[in-house]
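Please keep the sequence and the structure in view while reading.

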Amino acid sequence: MNRSETLNPPNRVGAYIAQHMRDYGLIFALIAIMVFFQVATDGTLLRPVNITNLVLQNSYIIIMALGMLLVIISGQIDLSVGSIMGFIGALAAMMIVPYELPVGLTIVTCLLCGMLIGAIHGYFVAYWKIPSFIVTLAGMLIFRGLSLWLLEGQSVGPFPRSFQALSTGFIPDFIGSGRPNLTAFVAGLAAVLLILWQGLREREHNARYGIEDEPIGLFLLRNASMAAAILFIGWKLASFRGLPNVLVSMVVLTAIYFFITERTVIGRRIYAVGGNEKAAKLSGIRTERLTFLTFVNMGLLAALAGLIFAARLNTATPKAGFGVELDVIAAVFIGGASMSGGSGRIMGAVIGAFIMGVMNNGMSIIGIGIDYQQVIKGLVLLAAVFFDVYNKNKGA
């Protein structure tokens with residue numbers, strides 16, 4: 001047996017894939033869905049303009065999925081995020097359009113308002129032990145009604161360009177002349193190098209402490225595929241208008257929440273609370289405070305999503321955010337989060353949101369009606385939850 005077989009016996013690769021089937025399955029599912037719709041739409045799906053539209057259309061879903069993941073990991077759920085998103089958009093519209101308040105003041109006020117709403121929900125869930133389903137269901141109804149009251153049943157807009165830039169603005173080309181946008185491509189290349197460096201650094205750390213790591217073949221294949229995908233998307237964006245502002249915001253937020261969940265004490269404690277709240281409390285973790293903070297964080301991200309959504313539409317409407325909470329929750333569960341709490345990953349939630357986004361976009365392009373779209377998305381969600389339950393029963 002040669003040295004490579006000693007380090008990576010043939011059965012180790014299969015065992016590792018079987019052990020991490022959910023993670024690899026998500027990536028394969030996203031690739032398969034994109035290939036299918038690329039063929040079904042005659043190449044429209046991956047055109048530069050449509051990739052940009054995909055980012056703009058799904059940015060608020062991804063942003064809220066980051067917060068929803070923490071809520072679900074802690075063993076709770078938040079049904080009010082769509083209504084909060086719509087209410088914050090309505091509040092921003094009333095502050096900017098009729099009252100002509102500064103955009104900066106409006107954004108800060110709306111984000112603080114979102115945190116306050118999340119704090120109210122978190123207070124009743126964490127300290128009064130009222131089920132989160134009931135508290136956030138009440139919040140969903142309350143803020144849906146407040147949106148209608150605030151807008152008086154009418155749409156309010158348009159917004160100034162400085163506010164629209166939250167969603168529809170693009171990063172200027174600091175390197176080239178703008179076509180192709182070299183800044184966008186160089187940013188993609190920098191992201192690839194950073195991810196590869198982080199992956200190699202983590203492998204070195206695992207080897208130093210004797211932690212079982214991903215087989216080298218899978219590591220190289222996964223990173224090569226990811227690098228190719230990022231560079232491809234970077235070039236497509238570069239050939240259109242470059243990097244959307246909201247894409248930069250999404251990447252930064254994803255990196256922050258990835259670090260929190262994977263590298264910090266508070267992240268590990270949130271997982272512990274969702275896994276077994278009583279055991280976590282006995283070990284000295286302040287479970288009520290952590291639950292409270294997850295809802296405050298969810299309120300903040302829902303407010304940010306509301307601002308981005310309103311900026312993209314250039315108007316606030318009474319129906320904004322209607323049913324969005326279902327897409328957000330579905331994205332998190334498709335991404336591998338457990339219904340019982342205690343498990344789930346940031347990248348899984350992001351991939352789950354992209355799966356939902358690609359399906360919505362692809363089905364709309366090929367002309368599938370909204371009725372069938374809802375049926376298909378429901379079946380995908382059911383399959384994801386079934387897969388989670390099946391794996392747990394198999395492991396038991």
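The text below takes up the aromatic pairs and then turns to a surface patch.

The model is a predicted one, and eight aromatic pairs are found in it. A pair of aromatic rings is described by the distance of the centres and the angle of the planes.

| Pair | Centre to centre | Angle between planes | Class |
|---|---|---|---|
| Y123 and Y127 | 6.0 Å | 40° | tilted |
| Y127 and F292 | 6.1 Å | 55° | tilted |

Y123 and Y127 both belong to helix α6 (residues 103–127), and because they are four residues apart there, about one helical turn separates them. Y123 is partly exposed, with a relative accessible area of 37%, and Y127 likewise counts as partly exposed, at 44% relative accessibility.

What does the pair of Y127 and F292 tie together? Y127 lies in helix α6, whereas F292 lies in helix α14 (residues 287–313), so this pair ties together parts that are 165 residues apart in sequence. Ring pairs also bring F124 into the picture, as they link Y123, F124, Y127 and F292 into a cluster.

The charged region is a positive surface patch, which is formed by R268, R269, R286 and R289. Of these residues, R268 is found in helix α12 (residues 265–275). R268 has a relative accessible area of 48% and is therefore partly exposed rather than exposed, since the class of exposed residues begins over 50%.

Key: Residues numbered from 1 in each chain as written. Predicted model: local features only at pLDDT ≥ 70, side-chain atom pairs only at ≥ 80, totals over all residues. Heavy atoms only, no water. Patch = residues over 30% accessible without salt bridge, like charges linked within 9 Å, V, L, I, M, F, W, Y side chains within 5 Å. Areas by Shrake-Rupley, 256 points an atom, 1.4 Å probe, with all protein chains shown as cover. Salt bridge = Lys/Arg side-chain N within 4 Å of Asp/Glu carboxyl O. Lys, Arg positive; Asp, Glu negative; His and termini not counted. Charge placed at Lys NZ, Arg CZ, Asp CG, Glu CD. Helix = DSSP H or I, 4+ residues; strand = E, 2+ residues; numbered from the N terminus. Buried < 20%, exposed > 50% of the residue type's maximum accessible area, 1.4 Å probe, protein only. Phe/Tyr/Trp six-rings, centres within 6.5 Å; stacked < 30°, edge-to-face > 60°.
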